[in-house]
Amino acid sequence: MNVPLIKTTLPGPKAKALIERDKTVVSPSYTRGYPLVIERGDGAIVEDVDGNVFLDCAAGIAVNATGHSHPDIVRAITDQARKFLHMSGTDFYYEPQVRLAEEIASIVPIRGGIRSFFANSGTEAIEACIKLSRYATGRHNIIAFLGGFHGRSMGSLSLTSSKAIQRRGFGPLLSGVYHAPYADCYRCPLGLRAENCAAECVDFIEHQLFVHLVSPDEVAALVVEPIQGEGGYVVPPDQFLQRLRELTTKHGILFVDDEVQSGMGRSGKMFAIEHVGVEPDVVAIAKGIASGLPLGVAAARSGLMAWPPGAHASTFGGNPVSCAAALETIRLLKESLVANAADVGGHLKSGLHALMDKHPSIGDVRGRGLMIGVELVRDRQTKERATTERDAVVSAAFARGLLLLGAGRNAIRFSPPLVLTRDQADTAVRIFDEALTEVETRRR
Ligand SMILES: Cc1ncc(COP(=O)(O)O)c(C=O)c1O
């Protein structure tokens with residue numbers, strides 16, 4: 001099949017009609033960047049309702065780890081669906097949930113016995129992490145990071161500080177949450193150069209937060225994304241996470257590793273924190289774990305996850321069909337897809353990096369595996385953010401058949417299914433090149 005293949009103006013007539021119906025009945029709070037109405041997907045390819053075919057580098061916001069409707073995933077889902085759809089794993093027992101907990105215990109980068117709490121989404125996984133941290137430490141304060149995204153329910157939203165619109169109108173949020181600067185080396189909060197960086201931004205926590213605002217012995221947890229996702233696909237230097245680990249260990253604060261976006265093989269390792277050799281206390285997982293079915297997990301050392309019956313639970317959490325999809329997803333990740341993310345991700349990143357010679361609007365290309373961010377600027381010296389241009393490039397790519405998503409104020413994320421091939425990566429780079437040229441030419 002020729003991919004991409006755009007046959008109609010976008011949106012086509014059927015897409016247009018559905019978008020009109022959506023407008024009157026679906027919440028307008030959703031952030032639709034462009035008018036894609038999917039009919040079906042296969043691997044990294046998506047067809048819309050008008051027969052237009054797209055190359056997918058968005059994966060339903062970094063979710064379709066094994067690609068769209070992978071036959072092994074569909075089989076696992078249908079096999080389980082034939083047996084039973086729901087029994088509530090909080091009140092009864094079933095094998096898929098136990099088997100998945102055993103699998104998770106074997107893959108999370110925490111030594112010793114591991115227990116998992118099952119939820120339905122990333123935000124619920126984070127809620128579980130917040131509650132577990134408070135419960136286990138008897139402390140209530142939490143440290144999070146500017147630019148971070150952890151979800152939109154009231155607890156996780158209190159940690160989220162990606163965009164003010166996400167918080168506006170919803171306060172007061174959870175008390176006792178303190179935000180520290182994230183190590184964004186392209187825009188160092190301390191004005192330092194990445195080459196000489198020893199993650200001095202971590203000092204803010206010790207020398208400012210702990211001196212002026214909160215005593216460390218009252219801090220339950222530090223919650224951090226090992227690569228900021230929604231905030232712009234920002235990769236911190238290794239020392240940042242390593243120094244955060246030292247700091248949290250020193251003060252008896254739990255290190256909560258939010259791998260909702262960066263986990264499940266996307267970074268070229270099963271969990272992004274493995275790149276820097278840091279062992280967290282708690283890991284939050286969602287998005288890619290079940291290839292598109294809803295599932296969230298908070299995993300922690302068994303001694304830490306020692307809350308009594310009734311302390312926390314969820315009717316749907318750990319749904320058996322989602323667990324079956326997750327078990328098959330993990331099998332495929334281990335078999336080949338984590339390695340493919342590392343290989344094709346490296347290839348895609350070099351291709352995008354090479355575009356810097358031609359496109360002055362590319363300020364930075366960064367990422368690990370198939371979690372790659374391209375930051376667009378109006379001027380490489382001043383690094384003025386090219387926000388409207390970023391949106392225009394995403395739209396221009398869509399018009400050419402490439403699905404991308406923005407991240408942060410002026411970055412574009414490449415978060416394709418982990419089945420992406422090198423040829424498809426080359427196609428993505430070619431279309432991105434054309435989209436950039438179009439937008440840069442328009443500006444002149
Ligand atoms: C790092 C991170 N944590 C938590 C969440 C929240 O996940 P969900 O949208 O499934 O609630 C997201 C979602 O984008 C995320 O990227």
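I take a polar contact as a pair of N or O atoms within 3.5 Å; within protein, one must be able to donate a hydrogen and the other to accept it, and residues adjacent in sequence count only if both atoms are side-chain atoms.

I am working on a predicted model, where local features need pLDDT of at least 70, side-chain atom pairs count only at pLDDT 80 or more, and totals for chains, interfaces and linings use all residues. Residues are numbered from 1 along each chain as its sequence is written, and side-chain values use heavy atoms, with hydrogens and water left out.

**Ligand site**

A polar side-chain atom of Gln 261 lies 2.8 Å from a ligand oxygen atom. Gly 122 places a backbone N or O atom 2.8 Å from an oxygen atom of the ligand. For Phe 149, a backbone N or O atom lies 3.3 Å from a ligand nitrogen atom. I then checked cover: the protein covers 82% of the 390 Å² of accessible area that the ligand has on its own (Shrake-Rupley method, 1.4 Å probe).

**Whole chain**

I find 11 helices and 15 strands in the protein chain (DSSP runs: H or I, at least four residues; E, at least two). Buried residues make up 55% of the 444 residues (under 20% relative accessible area, 1.4 Å probe, protein chains only). The C-alpha atoms fill a box of roughly 60 × 60 × 45 Å along the principal axes.

Terms used. Buried means under 20% relative accessible area, exposed over 50%, partly exposed in between (1.4 Å probe, protein chains only).
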